[in-house]
Amino acid sequence: MTKDLRVQMPLWNIAAIVGLGAIIIPMLLSEIRWFDKDLIFSLKMDYILGLISLCGIFLFVVTCILVILKTIQFNKENPNLKMNMFSLTPGEYIEDDEMFRQVTNNATRKVYTFLSCAIPILTIAVFLPKIWIAFLLILVVIIQNLIYYVEIRKYILN
Amino acid sequence: MLNNRVKELRARYGFSQSELGARVNVTRQTIGFIEKGSFSPSITLSLKLAKELKTTVDELFWLEGDEEE
């Protein structure tokens, strides 16, 4: 069960958001120049930030490809529990039976409790520089996924 | 806490957790959690378990502190 894609999904989400963060944060620290009338811009980045950005692109693309492949594999192995990649319902929900529905409810409740505190606090971030807003948003998404994963794993390992 | 005789009766009828789970349409893990008393099943599931284990719900489940008849 620990190898179930639905259990591992929060970790994949974290990998994807870390990848996105590694793309966005160096961009915010770099010089972006927009050319008039066109949707063309030039990006001037130092070597280290460029390297971090490339690693971010690599991590994000690889994570997306692996999640798509794993979802296809999961759907083949579990035709009655098919995951829809284009659905708004998060893939990490486990609703096989009433106990797993309760476990999922407990985990989503914990995440909701965290977000109901984190989002109002995050509104203060509008006064901070852009880089901090991006950093805090990424941090919130990572913590949200970790809370969900730890709660589900507690039941799976029990 | 909800005490139960699921493990005892399951052993009596020679079912594994997976087999009993399949008979009442839940996962093996759920049967394990019910046996440990960590999860209280719904009335529907309790009735299905009682039926499969050839007993009644009140003989299968009782509240901690209550006398087992």
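**Figure 1. Chain B from end to end.** Read from the N terminus, the elements of chain B follow the order β-α-α-α-α-α-β. That makes 5 helices and 2 strands. The radius of gyration of chain B is 11 Å, close to the 11 Å that the globule rule gives for 69 residues, so chain B is as compact as a globular protein of that length. Along its principal axes, the C-alpha trace of chain B spans about 30 × 20 × 20 Å. Of the 69 residues in chain B, 23% are buried. Take the contacts in chain B with a separation of 6 or more: residues 24 or more positions apart account for 53% of them.

**Figure 2. How confident is the predictor?** The average pLDDT of chain B is 91, and 96% of its residues score at least 70. Among the elements of chain B, helix H4 (residues 43–52) has the highest mean pLDDT, 96. The lowest mean, 89, belongs to strand S1 (residues 2–4) of chain B. For the complex, the predictor gives an ipTM of 0.81 and a pTM of 0.84. A reading tip: where pLDDT is low, the predicted coordinates should not be read in detail.

**Figure 3. Chain A from end to end.** Along the sequence they come in the pattern α-β-β-α-α-α. The C-alpha trace of chain A spans about 55 × 35 × 30 Å along its principal axes. Of its 158 residues, 19% count as buried. Among contacts in chain A between residues at least 6 apart in sequence, 68% join residues at least 24 apart.

Figure 4. Helix H4 (residues 130–157) of chain A has 28 residues, which at 1.5 Å a residue should span 40 Å; its end C-alpha atoms are 40 Å apart, so the two agree. Which residues in H4(A) are buried? They are A:Gln144, A:Asn145, A:Tyr148, A:Ile152 and A:Tyr155. The buried residues of this helix pack against helix H1 (5–28) and helix H3 (98–122) of chain A. While you look along the helix, remember that an α-helix has 3.6 residues a turn, so residues three or four places apart point the same way.

**Figure 5. Where chain A and chain B meet.** The contact takes 9 residues from chain B and 6 residues from chain A. On the side of chain B that touches chain A, the largest share, 3 residues, comes from helix H3 (residues 28–36) of chain B. Sorted by class, this side of chain B has 5 nonpolar, 4 polar and no charged residues. For one example from the other chain, look at A:Met99. Leaving aside its neighbours within four places in sequence, A:Met99 is in contact with B:Val26, B:Gln29, B:Thr30, B:Phe33 and B:Phe39.

**Figure 6. The largest nonpolar core.** This core has 20 residues, and those touching the most other members are A:Met99, A:Val103, A:Ala107, A:Ile152, B:Leu49 and B:Leu60. H3 and H4 of chain A, together with helix H2 (17–24) and H3 of chain B, each supply at least two residues of the core. H3(A) gives the most, with 5 residues.

**Figure 7. Two residues with a positive phi.** Most residues other than glycine have a negative phi. B:Asn25 is not a glycine, yet its phi is positive, about 70 degrees. B:Asn25 lies in the loop between H2 and H3 of chain B. B:Lys54 is not a glycine either, and it has a positive phi of about 50 degrees. Look for B:Lys54 in the loop between H4 and helix H5 (57–60) of chain B. Is B:Lys54 buried or exposed? B:Lys54 counts as exposed because it has 9 C-beta neighbours inside 10 Å, and 12 or fewer is the cut-off for that class. B:Asn25 has 13 such neighbours inside 10 Å, so it counts as partly exposed.

**Figure 8. Sequence distance and distance in space.** A:Phe58 lies in helix H2 (residues 47–77) of chain A. A:Phe58 and A:Gly19 are 39 residues apart in sequence, and their C-alpha atoms are 7.6 Å apart in space. A:Lys70 is found in helix H2 of chain A too. A:Lys70 and A:Arg109 are 39 residues apart in sequence, with 27 Å between their C-alpha atoms.

Conventions. Residues are numbered from 1 along each chain as its sequence is written. Chains are lettered from A and ligands numbered from 1 in the order in which they are written. This is a predicted model: local features need pLDDT of at least 70, side-chain atom pairs count only at pLDDT 80 or more; totals for chains, interfaces and linings use all residues. Two residues are in contact if their C-beta atoms, placed from the backbone, lie within 7 Å. Helices (H or I, at least four residues) and strands (E, at least two) are DSSP runs, numbered from the N terminus. Ala, Val, Leu, Ile, Met, Phe, Trp, Tyr, Cys and Pro count as nonpolar, Asp, Glu, Lys and Arg as charged, and the others, Gly among them, as polar. pLDDT is the predictor's confidence in each residue, from 0 to 100. The expected span of a helix is 1.5 Å times one less than its number of residues. A nonpolar core is a set of buried Ala, Val, Leu, Ile, Met, Phe, Trp, Tyr and Cys residues joined through C-beta atoms within 7 Å. The radius of gyration is taken over C-alpha atoms; the globule rule is 2.2 Å times the number of residues to the power 0.38.
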